[in-house]
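Hello,

Here is the structure I promised to pass on. Please open it and keep it beside you while you read my notes.

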Protein chains: 2
Amino acid sequence: MRDFSQDHRWLSINTATVRKQQGAEVPLARIIDQCAQRGIRAISPWRDQVATAGLDATARQLRAHGMALSGYCRGGFYPAADAAGLRAALDDNRRAIDEAKTLDAACLVLVVGALPGALDGTPHYTDLARARGEVFDGIAASLDYARQVGMPLAIEPLHPMQAADRACINTLEQALDICDVLDAQKTGALGVALDVYHVWWDPKLAQQIARAGRERLLAYHVCDWRLPTRDLLSDRGMMGDGVIELKKIRQWVEAAGFAGYAEVEIFSALDWWQRTGEETLDTCIARHRTVV
Amino acid sequence: MRDFSQDHRWLSINTATVRKQQGAEVPLARIIDQCAQRGIRAISPWRDQVATAGLDATARQLRAHGMALSGYCRGGFYPAADAAGLRAALDDNRRAIDEAKTLDAACLVLVVGALPGALDGTPHYTDLARARGEVFDGIAASLDYARQVGMPLAIEPLHPMQAADRACINTLEQALDICDVLDAQKTGALGVALDVYHVWWDPKLAQQIARAGRERLLAYHVCDWRLPTRDLLSDRGMMGDGVIELKKIRQWVEAAGFAGYAEVEIFSALDWWQRTGEETLDTCIARHRTVV
């Protein structure tokens, strides 16, 4: 396993971690500068942040800093109430792939979606198998385009507590089953984004990480599981402040061949988003060296 | 599939559903009377409620009403910080088995426990594999005694969002793997309590229910998954108020051979526990007939 204790060259910051600082939304350009000042070599920004900052301006800023993208957040959200909605989702994913390419991202992360309308509290249907079928078809369609462009797609299995509203792919095994059908040759065009927050509990985690292998492990996200967890979405912990066995999981991931960034993604409305970006980033660096 | 629309003979009430009425704790004896008045033929009470009411008094009251126990809540919580704690847990489970026998319960439900101390926010260790090993050993020891007494043990897989603090058995597949080792002959001594709240999201649910079969399906619990879910423990919905495909899952369960009670278990600090017990129970009956 790589030694992270001497530097933070394999640290990436998902910009959601510092998108709010002292309770207020912060422009992406400032986040990029804050990371660059600390020698952070990679980030993973969100589409809405990039849209606000401007795609070309962001690409220029990243190039100026020599900063890489460990991933681009995010495509997906395929299921829809009707055929027009399904088509709109495919078009939107095509745009996301183009943006990821412009930014030279390592992969486009797919949060695949679930029951359409559920995020607003009014699902158009509750047939989970239908949603999963629409997700499968959506990934297949996006993959056709992503292959042409040369942008790897990384399916992110989300925690089962988000199965209704955010993603109906909820285990690594389920994600890999899809990869095996759509990219049987393991070309690297389709794989997974493994976020410890979503999968740490899985009794088959070690087995499925080994199954995934280097070709399928496209991104690795870290944070921690707090006790108690006060919110299903935005109460993630800083690495080391919870119960996830980070070193054990990284060992499995690296044994399977992963050699990329450990990307910190912390949604924390009650804690880290209330602090300064400087404190959050400095803590990420310190924890990267000690507990990741 | 059985027709539930004409009566509620297969309705059971887990007493947690009405343990608080209009915000206040209610004695078990009153809950039993409220159920009996409505022709509810079965309940599943909690150990602390029985302890307060008195074991023998509760047994007498149940007999007087001809009321069955679809299960007894609960044994488990095996992992511990040290050897003394592990022994204490085994002793406590032995007492739970005895109580279940006195009350003539269909099974003792096992919420197996997870990282010891995590419920209080200070886990003694974070080694999930160790906790799972202690759970396995604990179930094995309890099973020896339960077989002698003739009390079936029902492992309840809990939602992965409770993997740190309440139960480190988190999928039906994982529970059945344990059953297959400890009760390979499918004697009925060891099985599962399947609560839709914990497992509805599982892509392997139908497959694993079929695998479980009649011998392993010892209890079936219903409620619903609310949108949004505001709390990880106590924000369950009334059947029909969420997104769980209740009829589809019951069809799978009955196709596998289950023919027992549909037990309503709703923890609802913000909603149903604020209402009268009468309203909650009448709603359970109505929903049992229409959406379960």
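Start at B:Tyr220, which stands opposite B:Ala262 in β11(B). One caution before going on: this is a predicted model.

Now look at the strand β9(B). It runs parallel to β10(B), and 4 bridges join the two. Here B:Ala193 has B:Ala219 of β10(B) as its bridge partner. Is β10(B) mostly covered or mostly open? It is mostly covered: 6 of its 6 residues are buried.

In chain B, 9 strands form an open sheet with parallel pairing. Their order is β5-β4-β1-β11-β10-β9-β8-β7-β6. The edges are β5 (68-69) and β6 of chain B, and each pairs on one side only.

Next, the helix α5 of chain B, residues 128-149. At 1.5 Å a residue, its 22 residues should span 32 Å; the end C-alpha atoms are 31 Å apart, so the two values agree. Its buried residues include B:Leu128, B:Val135, B:Ile139 and B:Leu143. B:Arg132 and B:Glu134 are also among the buried ones. What do the buried residues of α5(B) pack against? Their partners in chain B are the strands β6 (72-76), β7 (108-111), β8 (153-155) and β9 (190-195), plus the helices α4 (83-102) and α6 (172-182). After α5(B) comes B:Gly150, with a positive phi near 85°.

Then the core. The largest nonpolar core has 183 residues, and A:Leu108 and B:Leu108 touch the most other members. Beyond its neighbours within four places in sequence, B:Leu108 is in contact with residues including B:Tyr72, B:Ile97, B:Met151 and B:Leu153. In soluble globular proteins, nonpolar side chains tend to be buried together.

Last, the two chains. Their contact takes 24 residues from chain B and 24 residues from chain A. On the chain B side, 15 are nonpolar, 7 polar and 2 charged. How are the copies related? A rotation of 180°, with 0.0 Å of shift along its axis, superposes chain B on chain A at an RMSD of 0.0 Å. The two copies are therefore related as by a two-fold rotation axis. The same surface serves both: 100% of the contact residues of chain B recur in chain A.

Best wishes

Methods. Residues are numbered from 1 along each chain as its sequence is written. Chains are lettered from A and ligands numbered from 1 in the order in which they are written. This is a predicted model: local features need pLDDT of at least 70, side-chain atom pairs count only at pLDDT 80 or more; totals for chains, interfaces and linings use all residues. Two residues are in contact if their C-beta atoms, placed from the backbone, lie within 7 Å. Ala, Val, Leu, Ile, Met, Phe, Trp, Tyr, Cys and Pro count as nonpolar, Asp, Glu, Lys and Arg as charged, and the others, Gly among them, as polar. A nonpolar core is a set of buried Ala, Val, Leu, Ile, Met, Phe, Trp, Tyr and Cys residues joined through C-beta atoms within 7 Å. A residue is buried if 20 or more other C-beta atoms lie within 10 Å of its own, exposed if 12 or fewer, and partly exposed in between; C-beta atoms are placed from the backbone. The expected span of a helix is 1.5 Å times one less than its number of residues. Copies are superposed by least squares on the C-alpha atoms of residues with pLDDT of at least 70 in both. Two strands pair if DSSP finds at least two bridges between them.
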